[in-house]
Every structure is written in structure tokens, then in C-alpha cells.
Amino acid sequence: MQVNEVIMMKRTAFMLQVHKNPNQINSFIQQLIQNGVADVYVHIDKKHYRPLSEKIIKHPNVVVLREAAEIHWGDISQVDATLMLLQEVVRSGREYDFVCLRSGQDLLVKNGFKQFLENGSDQILMTAQFIDRKRADAALPCSAWPAFMRRQRPYYDPGRMLRLLTIRLYGKGIRLFPKKRALPDEYSLYHGSAWFCMPLEAVRYILRFLEENRWYYEFFQDALCPDEWFFQTIMMNSPFKSKVVNNNQTYLIWGTSRKERNSPIVLKMSDIDLIQNSGRFFARKFDENVDPQIIDYFRESVTM
């Protein structure tokens, strides 16, 4: 890329949610900032803030949020972290072309993502599937889940069994934990992966919508896994709906065992061909404690 092209091209903002493996996080950040076309905003889980914040690379294009949410699987704290990142990006005053949310266990696995964004104009990279409110899985956002049930649990844990029972009964019209207030009829429910990339204009719309519609956040406060519904439902009920391409450019392999089937498995060098043949720009998840070699491979061969 020529120097004058870098100067004329708008920058992209990447928002990372992280909680472990600082060397791996830094490898991902280096991929993103190497060509000088991106800034990176990092939210560190409050439980791990002190040790991680000291190890994130210091760079003019890297911002580590000073405020942090304590993240727990399955509850609103994951949405809170994303909102904190979105607000920080907007507060910066920089006119980004796109704003992308990624995990600290992601990596770029294909060159040319910046050009892909430029060619895609104002598209929104976000998986979003319509979910009828009567379906069993609509229980996740539409039930008032007690706090003890919004936690990750072993497969045969009684709390997990109760959670599965609650979901099945919801699909049969039996509401064990009804909400005090339903989602308005004019809003359709959408579900998808938490990770996305969207124009700055869409980010501003989200923040403005939430400021003007306080009830929306309150509706999701006691939802289960709200990060897989919250932003998808806003976008798919907005003027930006036609811009959603239902593809967040992420490659992953879902686990098949009872323990792993609801989570992506850790990718290894043996998965290189699958990753590269996928045609996706990102992949997850990686773990330096499982296979550091594959992290080094993509860090050295792929940039924005």
C-alpha cells in the first residue's frame, strides 16, 4: 500500500474484549495496526485488569479502556463491555469508516480486510437470524432469568438442567420466569454471533437509540446470553436492516462433545488448510497455551 493511499484512507476502529493471554492479544493487535490504517480499543475484564493492562503493547493507535466491566458468561456484562467500547470510539471524535468488535482470542487469517471493507461500502458484517417469539430458544431473551441461572455450568449441573427445562417449557407455552414487560410487538427478535463490523453511522444510531429507548436495555438486563440478541435485534429493526449481509467473516469449528458442543474449539496448526480454505478474514479461537505456533504463523503472514 502506498503512503498517500494510507493518508487518504479512513481508519478502522477495532474493539477487543479480552481476559487472558497478553502475548497472544499483542500478536492480534500488531496484525491490525501494522499497516497504519487501524486503531485498537481494548476492554479488559475487570477480574483480570491489573495484570493484563500492564502487558498490552503501548502504541499511539492502541487505547486500553480505564473503566472495565466484570464479565460473566451469559449475562448483560458482555453487552456492557461492548457499549463501553462503542462509547469510547465515538468519544474519540475520529471519523472511522468501520467499527469492528472482536475477541482477544481471534486472529486475522487472510490479507486484504481493509480493502474488502472499502469495496463493501456501508455493509454491516453481522450474523442475524430471525427467531419467532414462540420458539423455545426465544426463552433466552424473553424470560426473566434468575442470576444463578445466568452462569456457565458443567453439563450435568442441576442449574443447567433447570435451564434446559425452562427453555423447553417456554417452547410449549409455559413461562417459568415471565418478564414484567414484553418486547413491543413491532420488534422482531434476531439472534447471532456477538462479533460484528459496521459503519460508524450505525454505531451512532445504536447509541442514540439506547439513549432514547431506555426500556430496551432494561428488557435485556435479565436475559440469558443477551450479547447474541441485543445488537442484532437493534440493527434488524432499524433503517440499517438492508445493509446486514449475515456474515461476520469469522471461521470457527464448533465442538462436538457434550462438554464442547456449545463452544468453538481451539484451532491448531493441523487446522491451517481448513482456515485458509474458508475464505474468511478472521478465525477463532486461538490459545497460546495450546498451540502458540499457529499464532506466530498468522502474525507473521497476515495483516490488514
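The model is a predicted one, in which local features need pLDDT of at least 70 and side-chain atom pairs count only at pLDDT 80 or more, while totals for chains, interfaces and linings use all residues. Residues are numbered from 1 along each chain as its sequence is written, and side-chain values use heavy atoms, with hydrogens and water left out.

**Exercise 1. Compare two other salt bridges, Asp-45 with Lys-47 and Arg-214 with Glu-211.**

Step 1. Take the distances. For Arg-214 and Glu-211, N to O is 2.6 Å. For Asp-45 and Lys-47, N to O is 2.7 Å.

Step 2. Arg-214 is exposed, at 52%. Asp-45 is buried, at 5%, and Lys-47 is partly exposed, with a relative accessible area of 41%.

**Exercise 2. Work out what Asn-61 touches.**

Step 1. Locate the residue. Asn-61 is in the loop between helix H3 (49–53) and strand S3 (62–64), and it is buried, with a relative accessible area of 18%.

Step 2. List the contacts (heavy atoms within 4.5 Å). Leaving aside residues up to four places away in sequence, Asn-61 touches Arg-11, Ile-33, Ala-38, Asp-39 and Val-40.

Step 3. Pick out the polar contact, a pair of N or O atoms within 3.5 Å; within protein, one must be able to donate a hydrogen and the other to accept it, and residues adjacent in sequence count only if both atoms are side-chain atoms. The side chains of Asn-61 and Asp-39 make one, at 3.0 Å.

**Exercise 3. Check the span of helix H2 (residues 22–33) and see how enclosed it is.**

Step 1. The expected span of a helix is 1.5 Å times one less than its number of residues. For the twelve residues of H2 that should give 16 Å, and the end C-alpha atoms are 16 Å apart, which agrees.

Step 2. Ten of the twelve residues of H2 are buried, so the helix is largely enclosed by the rest of the structure. Among them are Pro-22, Phe-28 and Ile-33.

**Exercise 4. Decide where the buried residues of helix H12 (residues 292–301) lie.**

Step 1. The buried ones are Ile-294, Ile-295 and Phe-298. Seen down the axis of H12, they fall within an arc of 105 degrees (taken from the directions from the helix axis to the C-beta atoms), so they line one face of the helix.

Step 2. Turn to the other side of H12, where Gln-293 and Glu-300 are exposed.

Step 3. Ask what the buried residues pack against: H2, strand S5 (106–108) and helix H11 (272–277).

**Exercise 5. Sort out the disulfide.**

Step 1. A disulfide is a pair of cysteine sulfur atoms within 2.5 Å. The structure has one, formed by Cys-100 and Cys-197, with their sulfur atoms 2.2 Å apart.

Step 2. Cys-100 is in strand S4 and Cys-197 in strand S8 (residues 196–199), so the pair ties together parts that are 97 residues apart in sequence. Cys-100 is buried at 1%, and Cys-197 is buried at 4%.

Step 3. Cys-142 is in no disulfide, as the nearest cysteine sulfur, that of Cys-225, is 14 Å away. Cys-142 is buried at 13%, and Cys-225 is buried at 10%.

How values were computed:
Salt bridge = Lys/Arg side-chain N within 4 Å of Asp/Glu carboxyl O. Buried < 20%, exposed > 50% of the residue type's maximum accessible area, 1.4 Å probe, protein only. Helix = DSSP H or I, 4+ residues; strand = E, 2+ residues; numbered from the N terminus.
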